[in-house]
Amino acid sequence: MARFVSDCFAFTKRRVFLITWISLVIYIFYDTFIYYKFERRYYHLRRILGLGLCISRGTATVLNLCCALVLLPLCKKLNQLLYRLLSKLWPGLFFFWLERAKSFHMTVAVTLLSFSVIHSASHFVNLWNFSRNYEERWAEINLARYRNESPFRLLLSMAGLTGVMLLIIAISMGLTSLRIVRRRFYNAFWYTHQLYFPFMVFLMIHPLSGVLKEEVISEHNTSLYASQKSWTNSSTLHTEKFVPIKSKTWLWMALPLSCFLFDLLWRIFSRNRARVNLLKVGHMAGRTLSITMSCPDQSFTCIKGQYMLLQCLDISLLEWHPFTVVKLPTANHRQFEVWIRVKGDWTESLERLILERGATNVRMLMDGPFSSPMEGVSREGVALCVAAGIGVTPFVTTLHDMLANPRAHLPGRVHLIWIVRREVELAWLSGLTDKVISVLRRANRPDRLHIEFYVTGTEDNGTADKDKNVPNATVDKVKNGLSHIVVVNEKGVLTHVLDKHAIDDGKAHLDKQEKCNDERATLLTPNRKRNGCVETGVVGRREKEFDVAKEYPLVGCRVRRGRPHWDRVFGYWVHLYPGDHLNLYCCGPKKLVKLLRGKCKSVSNRTKTKITFIHEAFS
């Protein structure tokens, strides 16, 4: 029983904000539902529409709340202003908002879409009831002109047409926001989200039609909860007068919409002035562009971990794409650098444009920089950082800062794990990492940076990786291979071992596996998989061109084969920092984010070391 209570408490603690949001939505809906169910002035309208009136009005209040809050994470300039004001007073709260901004936007958007469907369905039921319950006595409050009028004909009113347009826009935004659609057809996601302008216009027009009307209560009968019998008797004593229900949408939308429009105008005017020149374009491994740009003005500054939006006028006048700054401008060098992975139609068009015209002839606009949760790395005593592929960009500026200021107090120590698919991609950071390690050693601060590289992919010209179920393929893969293993004994002495693979001898193969699984084998070997096995596959042609161990020995000894063994990694961190509260900064694919988030929760629940997961999502 105690374990059950503990699990329930842990689940509630993890989902406290989601539970709070659901509770708020339910309360607002219920409060409005009860109000329209028992309020005296809606008695005659309720006789015609039934519960459809209460449901439609309750969902309308929730939709007003969602439409107001869904805009807040999109106010980038205002968030940047809040950062400058609050980062020194209460940095934890602001960075929590940045880290949760995207999740908050998605949660509100899902609520908006769900209640939009319910709201539309309830209003269609209302149209049906208008037609079915038509009475000439109450023709003033009935949308229908005669009994059994087609509900689809009633849908052609201003309220009906604007409601249909709102529903279509909301559904199109929701469908194109799905991960499978957004990854394959990003342009569809981008352009449908530009429909928020007509969405806001239709939202303000929709409740002004005056379809739903309320009774004007006389001064001598102002009781809100009188009995229905008194209502019926009082209706015979005076002539009923009805007026359209006043719209309160503008009250909900006034402040958020004003902030959003102010932020939008601010961004538009600053974008038009922020024209940058492409000074240098380099092609890195993995089809990645390294672009150096000029600063838009002398006052332009950027902080480690921040990102900016770039627009190429020769590709699209609407699309803006976020990229993290990997090299910050200084007082002497007024230029910055970004890395762009060519993946998608916009980046492919940019690459083709640079090759055809040259970098100096490409027009580019910049918006930003914008705050990011990754800014917290530079202020941590101990920062745990995990990146995959191009996700390493938020941490490159930290390496540059360590190179320039090796004796700085913050960040105190950085544990950086970088996962790549091919070894040739390590060339992005090998030179910089080698310099940082050397400088830190000369400054007597070698413990400031603990960096590990993992190469997960194998490239060969054969068919071994293509058909892993064929035994012969496995034999050909390791045939005549020599493995270089570095072993650490109990006294900490390094021993270099050359291991000849015994392909035909099964016993020798088992002995090799047992030796590979020996806990004494160090994790700093160049050719080790996650489970400790030696990788002896034929190196691809591109990886032969770049041998990180030969070019940069200080980096080569930190390269491993396969994926990280996360239980060992987290166990190592818990062993180093028992009882501490650490932050894990991650930038990578969704599967990695989900895995590490779960590991952080598990370690925080099972040990005294608390690890908070912080994810970069370009909020």
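**Loops, bridges and charge**

Tutor: Let's start with N444, which is exposed, with a relative accessible area of 64%. Keep in mind that this is a predicted model.

Student: Where is N444 found?

Tutor: N444 sits in the loop between α16 and β12. Its phi is positive, near 60°, and N444 is not a glycine.

Student: And R287, what is its phi about?

Tutor: R287 has a phi of about 55°, which is positive although R287 is not a glycine. R287 is in the loop between β4 and β5.

Student: Is R287 buried or partly exposed?

Tutor: Partly exposed, at 43% relative accessibility.

Student: Which residue does the R287 side chain meet in a salt bridge?

Tutor: E351, with N to O at 2.9 Å. R287 is in the loop between β4 (278-284) and β5 (288-294), while E351 is in helix α14 (residues 345-357), so the pair ties together parts 64 residues apart in sequence. E351 itself is buried, at 12% relative accessibility.

Student: How many salt bridges does the structure hold?

Tutor: Nine. Another one joins D447 and R413, with the closest N and O atoms 3.3 Å apart. D447 lies in the loop between α16 (427-442) and β12 (449-455), and R413 lies in strand β11 (residues 413-420), so this pair ties together parts that are 34 residues apart in sequence.

Student: Are D447 and R413 buried or partly exposed?

Tutor: D447 is partly exposed at 42%. R413 is partly exposed too, with a relative accessible area of 23%.

Student: What does R560 form a salt bridge with?

Tutor: With E452, again with the closest N and O atoms 3.3 Å apart. R560 is in strand β15 (residues 559-561) and E452 is in strand β12, so the pair ties together parts that are 108 residues apart in sequence. Both R560 and E452 are buried. Salt bridges also join D314, R357 and R363 into one network through shared partners.

Student: New topic. Which peptide bond is cis?

Tutor: The one from L410 to P411, with omega near -5°. P411 is in the loop between α15 (393-404) and β11.

Student: Now the surface. Which residues gather in the patch of positive charge?

Tutor: K102, R179, R183, K343, R421, R563, K590, K591 and K594.

Student: Which helices each supply at least two residues of the positive patch?

Tutor: α9 (179-184) and α23 (590-606). The largest share, three residues, comes from α23.

Student: Take K590. Which helix is it in, and is it buried or exposed?

Tutor: K590 lies in helix α23. K590 is exposed, with a relative accessible area of 52%.

Student: Last one. Which residues does the UniProt annotation "transmembrane region" cover?

Tutor: The unreviewed UniProt entry gives 16-36, 48-74, 80-98, 110-131, 151-176, 188-208 and 250-269.

Student: How much of residues 16-36 is helix in the model?

Tutor: The span 16-36 is 100% helix and 0% strand, with its end C-alpha atoms 30 Å apart.

Student: And what about residues 151-176?

Tutor: That span is 88% helix and 0% strand. The end C-alpha atoms of 151-176 lie 30 Å apart.

Note on methods:
Residues numbered from 1 in each chain as written. Predicted model: local features only at pLDDT ≥ 70, side-chain atom pairs only at ≥ 80, totals over all residues. Heavy atoms only, no water. Patch = residues over 30% accessible without salt bridge, like charges linked within 9 Å, V, L, I, M, F, W, Y side chains within 5 Å. Areas by Shrake-Rupley, 256 points an atom, 1.4 Å probe, with all protein chains shown as cover. Salt bridge = Lys/Arg side-chain N within 4 Å of Asp/Glu carboxyl O. Lys, Arg positive; Asp, Glu negative; His and termini not counted. Charge placed at Lys NZ, Arg CZ, Asp CG, Glu CD. Helix = DSSP H or I, 4+ residues; strand = E, 2+ residues; numbered from the N terminus. Buried < 20%, exposed > 50% of the residue type's maximum accessible area, 1.4 Å probe, protein only. UniProt positions renumbered as here; feature names shortened; annotations may be inferred.
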